[in-house]
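Thanks for coming. I will go through one model this morning, starting with a pair of helices and ending with the confidence scores. Please have a look at the display first.

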Amino acid sequence: MKPSLSLWLPLALFVIGCSAAKVPTLEVQRPAKIALDPKLKTLFILPDQIDGTNDKLGLKPQVLLALKAQIESQGRFRVVIGPVAGIDPNLEPVGVIQGSVTSKEGSETGQFTELATCQGGLGGFAAGASAAAQGKQGVTLSGWGFLPCRSGNDSTSNMVALGVGVLGKLAGREEVDPLVQVVRVYKYKNINLFAQLDLTLTYLGTERKTLALRSDSANFNRHLVQPAINVHTSILTFAEALPLLALPVTPVVFRPIGVVESSNPGHPTGAWFADRAIVSEEMDKKEKAEVTGALVASSLKGFVQMISPHKQAVAADIASGSSAEVERLLRAGEWTEARRVLEQEGGERPADLYNLGLTYEATATSDGDYVQAQDLYKRALDQEENPVFAQGIGRMERRLGESRTLKLQQETKG
Amino acid sequence: MKTRWMWLLAGLFLASCAPQVKLTVLRPAEIETGGITKVAVGPFEVVELSEALETERNGEWTARPLEFGPAEKAALAKQIRAQVIAQLAETPYFELVYTDEFEKLATGAKLEETISAAGYKEKEAQAVIAGRVFVSLTKTDGATPKKVELEFVSGGKRSFDVSVEKIVWWPYKSMRGNLTLELKLIRLVPTEVLAVSTQTRTFAQKIGGAPLDLMDQVKKMAQDFQAGAGDAEEERFSLIEGSSEVLPSFEQTLSSLSGSIATDFVRKIAVTETKVALPLASGGDQRGKFLVQAGAYQMAIRHLQQVTAQDPKPDDLYNLALAFEATGGYGLAQGIYKEALAQAPESSLYAMGLGRIERILREKPSLKRQLNTKGAK
């Protein structure tokens, strides 16, 4: 039952093998997913036509404001919240946004049982410290040896214990760490927040036409727990051990009489379900407002990206091999300064060329910058066959391919 | 048995790291819908909605059905309808007509009645989609008694190891159920049902309960991994913060399931874009492989053409064909896949490449016909 090497080792290899460090993200301009009439410059959000019947969290006012802000921040449209007024759609086309907001909050409380491992030695205490730092069910102490007990499901702490154990073995340590397994119970409260936005954009001009329809949802789940309590342990009580002492041979597995033991020590009859403490933790109002804001923003993103050119974050690797100063500047997103240093150094190493290309890509304002970046990436790849350099070329091919569409859309700005 | 599972898991992990390219391909509709270009979405009727809460205490089970009012049913219908609309809007095939005219009708039967009675004149919409929804959900709150072996290791140089068995209550909560969605595409003039799809999705999730033993943990990891491996990127459902110890909400579950059914329906009646992940050949020219994997197809084509002109190794030919396939050069890709396969006839990788192109070329006439004659957006 305890975490085994055969289970964790492939996991560790997988995590190490498949992951790669990413730089701070670059912001690139992307075209809208649908082509819109260049004459369309003003959008009206019709509050009466945004159905909030099933909006249990009351997000509708937030949705209206966030939608206006998200669209306007991309620079393509002017947005008005209210009925179509001041413009004659026969002379100048307008877009109207309608839809519905669905939202809900739910919570439930309960109690779970878990298997915990109490381990001594350096590995056990390091894992215990890791478990304590993560909070959650926390660390309890075993009755025997006062060993720190951590949840059996705590993969991070198990990895810490395993890692320290392996290091100890490599260093020639032969002693075995003491270990006790215990069963613990803890109370929990689950919080769930859900939002779905169904939005449409209808074109009103010489004709009426639905241009975009989109339905996006976002979800927030949090599992709050109280500190765990030990309820069963692998240390036998005197009463349990007494009959076993009479046996001629000590068995490896002790089998007490199969009575289901109480798993709720605070209750007089020990029924597991009785006296469920309501977990006191609630989300504070400020955090809840932040979460609902994130739900709204996330649910709006797809619609905004569909109708408007938009900025999008792209992750790209930094090539290692440039000076420490350059790498620091790149990680800090100080692209212009990094370019100045790289150009001053005049480095022709592949990493320098690639990183210089990255500064052009990150600050690109024209196709020329993308072409320049692509050329630098190609020069880096010519010197060293590195997948990171090839990825740079791939990004540039995509950007240049999108560029034409984007230009058409941007011509309508202002 | 254990070794077999570990190998399977290791294989899956390796497969996940193997170089792949992701391509977007257009697939023709499975059903010819005869000149329909403008579609309205009609009423969605919740025919059955049942939710029950089962609770177990000391071996005694109680079941409490939950009631839903007309307003809740209507809200649910609207939510599922929105998912279908969103899927239809993703296709380059239909122009969606947004009108309240059909939505206001309470049932599919009333819709069909209205269409026939009105002797519908083709105005904005040529066809309408109607849906019937059947939902059944059961939530369980209980506990399982299960034996657990607790290990004791004394520690030190002369350590001894014993196990003590305990029988323990393991409380859990679970949610299981199914969603059946019947979708119909009805032509208005002449009134005719063009396509019907009835599909069911089941779901089950449990939190808490007894710990899984090692073999079950490995099986679960493999299942989770396989479930995630084939999934296309889904941008329409986002998670701000998640926990595997929280059951999803009713609304969230239905959104996800109805979206999945709607995807299949749309695939049936419309040209759709599908994302596929294709493997690269593992050998051959490193630079060419990196460029194809990075999506730098134009440069990859130029580079691999030079490489294969001098030394046409089958892996390089395959990766070159893949770059052509990614940029829509299917004729060239077919020829080069054939060349690679001629050099290594036993290679299933090259044969699969050729098979893909043959299917794409086979589908091309119907795809072209559907896009041209049905007025792609």
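In this predicted model, α7(B) passes α9(B) in a left-handed crossing, meaning that the near helix is turned anticlockwise from the far one by less than a right angle. Helices here are DSSP runs of H or I with at least four residues, strands are runs of E with at least two, and both are numbered from the N terminus.

By class, the contact of α7(B) with α9(B) has 3 nonpolar, 2 polar and 2 charged residues. Nonpolar covers Ala, Val, Leu, Ile, Met, Phe, Trp, Tyr, Cys and Pro, charged covers Asp, Glu, Lys and Arg, and the others, Gly among them, are polar. On the α7(B) side the residues are Gly288(B), Lys289(B) and Val292(B), and they meet Asp316(B), Asn319(B), Leu322(B) and Ala323(B) in α9(B). Contact means C-beta atoms, placed from the backbone, within 7 Å.

Now confidence. pLDDT is the predictor's confidence in each residue, from 0 to 100. Chain B has a mean pLDDT of 81, with 82% of its residues at 70 or more. Over residues 227–233 of chain B, pLDDT stays under 50, and the model has 3 contacts beyond four places in sequence for them. The scores are ipTM 0.73 and pTM 0.75.

Chain A has 11 helices and 11 strands.

On conventions, residues are numbered from 1 along each chain as its sequence is written, and chains are lettered from A and ligands numbered from 1 in the order in which they are written. Local features need pLDDT of at least 70, side-chain atom pairs count only at pLDDT 80 or more, and totals for chains, interfaces and linings use all residues.

Technical notes
Contact = placed C-beta atoms within 7 Å.
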